[in-house]
Every structure is written in C-alpha cells, then in structure tokens.
Amino acid sequence: MTKRQDITAQKSCLKDKKCFIFDIDGTVALGTRPLPEAVDFILRLRKNGRRVIFYTNNPNRSHGEMVEYLEKMGFEPREDEMISAGDVTIDYLNKNHPESRVFLVGVPEMERQFVDAGIHVVPATSPTADVVVSGFDKTLTFDKAAAACRMIERGAKFICTHPDRSVPIEDCLLPDAGAIAAMIAAATDTSPIFMGKPMPEGMALIEQQTGLRADQMCMIGDRLYTDIAFGNRAGATSVLVLTGGTSAAEGAAAVGDEHPDVIVPHLGVLAELF
C-alpha cells in the first residue's frame with residue numbers, strides 16, 4: 001500500500017487486520033470523556049472477531065486501573081487488552097538489569113507497579129543506584145530531580161519510560177515524561193534510553209500476548225513521533241486520528257517513519273468498515 005492512495009482504498013485495507021492497537025490519550029479519550037464514536041468502533045471490532053489492544057505511554061496506571069478508567073466510558077475492556085510503557089520498562093529491566101537498584105522519577109502509583117514486579121527501588125536519599133528511570137511525574141520536586149542527576153553522574157544508567165513531551169487533557173497540554181527527561185539530560189549531559197512507543201520492545205510484548213505478527217495489526221494514534229512511528233517501524237499499518245496533538249497538515253507533511261498510512265478526523269470514520 002502506498003502512502004498516497006485514495007482514502008477509500010486506504011481504509012479498506014484495514015478490513016483484513018486481525019488486531020487493532022489503540023493509543024488512549026487523544027485517540028479514544030480526553031480525560032474522562034470518550035472521543036467521537038470511539039466506543040462504537042471498538043465494540044464493533046470485538047463483535048467482528050478482531051483483537052483489541054490499548055497501548056498507552058502512560059506508565060502510571062495498573063492494568064486494573066486502566067480497565068476501570070475505560071470501563072466507565074463504555075469501552076468494555078479486559079485486563080489482557082492492556083499494555084503500558086511501564087510494562088515495557090519493567091520487562092526491559094528484568095531482562096537486562098536483574099537485581100539492579102533502581103531510582104524512580106515517577107508518581108507513587110508507578111513505584112508500586114515496579115515494586116510489585118520485583119524491581120528493587122531505592123529512595124532519593126540513596127547515594128547511588130544502578131539505574132535511574134524517569135517517567136510522567138506529577139509529584140516531581142527539585143530534590144527528586146537532583147537525586148536523579150546525582151546518581152546518573154555517579155554512573156547509573158538513564159532510562160525514560162516514554163518520549164512523549166506533553167500529554168493532552170481537556171483544555172491544555174501538560175509536560176510529560178519526555179520533557180522531564182530532557183531536563184535531567186540537559187543537567188547531566190546524558191541521553192536516556194527510551195522505552196514505550198515508538199521503541200520496538202512494546203511490539204514484542206503485543207505479539208507474544210496476541211500470537212499475531214505485526215503485519216496483521218493496525219496501530220491507531222494521535223502522535224506522529226510515538227504512535228505512527230511505532231506502527232511503521234514494526235511493520236503494522238498506521239492510522240493517524242486528528243483528535244489529539246496532530247493536525248491534518250502536519251500528518252500530510254510527515255516523512256519517513258512518521259508518515260501515516262491513513263489519516264482520519266476521528267475513529268467514527270473507520271467504524272463504517274465494520
């Protein structure tokens with residue numbers, strides 16, 4: 001499929017996909033409000049035998065919390081449909097840094113998930129750590145940022161859960177993990193290893209979870225440099241929705257991994273296919 005096909009031909013190729021991966025913020029919901037026809041589209045997919053996965057770069061909700069959040073809006077989610085950048089980061093740490101001491105720049109909910117997964121989390125008062133992991137942190141303080149910088153300067157690996165620079169809510173954008181990591185990187189002159197979208201580790205987990213190949217999947221999201229790049233790099237079909245952080249002009253002008261296969265104003269445009 002070429003990037004310049006007629007929109008009808010572009011959309012029709014989605015009928016053969018067996019799994020649809022959805023970003024959450026800006027794609028299916030804004031805050032506690034579902035976006036236009038998103039619920040109807042996802043319910044139709046399941047009714048037609050398609051697998052649904054919600055893949056968010058937000059690492060702060062457990063699977064149970066994600067299910068509860070989406071359930072309140074009518075999406076009828078299941079726990080085995082959930083994957084987050086936190087899951088990807090935990091999996092990476094367990095495979096590549098087992099038994100390491102980890103300092104987290106994140107909210108208490110994220111710390112609880114890491115501890116529950118067996119990660120050895122150290123406090124800000126610890127003189128050193130083997131790994132510093134930064135994420136979206138509403139509880140960020142100067143002392144916490146300073147501790148992360150100190151540990152990185154003393155040799156800790158620097159990992160960021162995801163590269164999103166901002167997160168959309170109902171009426172504005174908030175600084176996300178990428179913005180917080182940029183501050184720490186500027187102070188330490190050390191670039192982080194990013195997890196989450198668009199990095200490939202997430203697709204490996206989804207393939208393992210679904211038993212499907214990436215080319216049997218469709219990635220739908222509102223961000224070019226995370227959602228669309230993730231789908232394209234993995235070999236999935238990529239769909240940009242204009243309900244979040246990207247305009248139609250920006251999507252059409254994107255090049256390389258960030259150029260979407262399909263651009264639609266919202267998910268309701270795709271619902272008619274099913």
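Two strands count as paired if DSSP finds at least two bridges between them. Helices (H or I, at least four residues) and strands (E, at least two) are DSSP runs, numbered from the N terminus.

The model is predicted: local features need pLDDT of at least 70, side-chain atom pairs count only at pLDDT 80 or more, and totals for chains, interfaces and linings use all residues. Residues are numbered from 1 along each chain as its sequence is written, and side-chain values use heavy atoms, with hydrogens and water left out.

Start with β8 (residues 131–134) and β9 (residues 157–160), which run parallel and are joined by 4 bridges. Select valine 131, whose bridge partner in β9 is lysine 157. Next, valine 132 stands opposite phenylalanine 158. To get from β8 to β9, the chain passes through helix α6 (residues 142–153), and this β-α-β crossover is right-handed: with the strands pointing away from the viewer, the path from the first strand over the helix to the second runs clockwise.

Move on to β12 (residues 193–194), parallel to β9 and joined to β9 by 2 bridges. Here isoleucine 193 stands opposite isoleucine 159.

Now show the whole open sheet: 5 strands in the order β7-β6-β8-β9-β12, with parallel pairing. The edge strands are β7 (120–121) and β12, each with a single partner strand, so one side of each has no neighbour in the sheet.

Finally, select the helices. α6 lies across β6 (101–105), β8 and β9, at about 145° to β6. Helix α7 (residues 177–188) also lies across β6, β8 and β9, at about 160° to β9. Contact means heavy atoms within 4.5 Å. Axes are lines fitted to C-alpha atoms, for helices over the stretch in contact, and angles run from 0 to 180 degrees between N-to-C directions.
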